[in-house]
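Let's take a walk through this one together, from the overall fold down to a handful of side chains. Have the sequence and the structure open as you read.

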Amino acid sequence: MERKQEKTVAESTIEQIYQVRPEHLNGAGRLFGGKLMEWIDELAGLVGIRHSQTNVITASVDNLKFIRGAYLGDLIVLIGRPTFVGKTSIEVRVDTYTENFDGIRKPINRAYLTLVAIDEKGKPTAVPKLAILTESEKAEWEAGIKRREIRQQRKEEGF
């Protein structure tokens, strides 16, 4: 299968829903942060695979901000989309919400992850460009450039 040269944000966006079960709770009766992090990483990886059309590895998590808790029985909605791409890397934004039975969503988390596309030998490989079609996608792309600069600065500082 030949890879596309360019893909839209919508082509690579994924929405996943989970329900908080007893085994997902921490000692305080809330969704365990590590479980949510696992779900976020898994979804970001799927977005990366969908965009790059190859395997990916997580290189970094830039931001993981917990806004509010989630509890037993809550529906957890994760929406992942590419926001910026480099030669071999894809930045993915994952927004997480609780959803009630009326379909009302409340944000509980936002995370940015950087993934690297790899070939069959585990070496970085080129990814398709990201077609920017809307003003919000353009704003996210420009913010992605700034986040990339911050990541590079941290790398130079040994962080």
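**From fold to side chains**

Going along the sequence, the protein chain runs β-α-β-α-β-β-β-β-β-α. That makes three helices and seven strands in total, where helices (H or I, at least four residues) and strands (E, at least two) are DSSP runs numbered from the N terminus. A word on what you're looking at: this is a predicted model, in which local features need pLDDT of at least 70, side-chain atom pairs count only at pLDDT 80 or more, and totals for chains, interfaces and linings use all residues. Residues are numbered from 1 along each chain as its sequence is written, and side-chain values use heavy atoms, with hydrogens and water left out.

Now for the overall shape. A compact globule of 159 residues would have a radius of gyration near 15 Å, and the 16 Å of the protein chain agrees with that; the radius is taken over C-alpha atoms, and the globule rule is 2.2 Å times the number of residues to the power 0.38. Along the principal axes, the C-alpha atoms fill a box of roughly 45 × 35 × 35 Å. Of the 159 residues, 40% count as buried (under 20% relative accessible area, with exposed over 50% and partly exposed in between, using a 1.4 Å probe and protein chains only). Take the contacts (heavy atoms within 4.5 Å) between residues at least 6 apart in sequence: 71% of them join residues at least 24 apart.

What about charge? The protein chain has 25 positive and 23 negative side chains, and the centres of the two sets lie 2 Å apart. Here Lys and Arg count as positive and Asp and Glu as negative, while His and the chain ends are not counted; each charge is placed at NZ of Lys, CZ of Arg, CG of Asp or CD of Glu.

Next, zoom in on D95, which sits in strand β5 (residues 89-99). D95 counts as buried because its relative accessibility is 2%. Which side chains does D95 pair with? One is R110, joined to the D95 side chain by a polar contact of 2.6 Å; such a contact is a pair of N or O atoms within 3.5 Å, where within protein one must be able to donate a hydrogen and the other to accept it, and residues adjacent in sequence count only if both atoms are side-chain atoms. Another is R81, whose side chain makes a polar contact of 3.1 Å with that of D95.

R81 itself lies in strand β4 (residues 75-85) and is partly exposed, with a relative accessible area of 23%. Leaving aside residues up to four places away in sequence, R81 touches V9, T13, V47, E91, V92, R93 and D95. Its C-alpha atom is separated by 9.8 Å from that of Y112, 31 residues apart along the chain.

Move on to T114, found in strand β6 (residues 105-118). With 8% relative accessibility, T114 counts as buried. A 3.4 Å polar contact links its side chain to that of R151. Beyond the residues up to four places away in sequence, T114 touches a set including I57, T58, S89 and E91.

Last stop: Q53, in the loop between α2 (33-52) and β3 (55-66). Its phi is near 60°, a positive value in a residue other than glycine. Q53 counts as partly exposed, at 23% relative accessibility.
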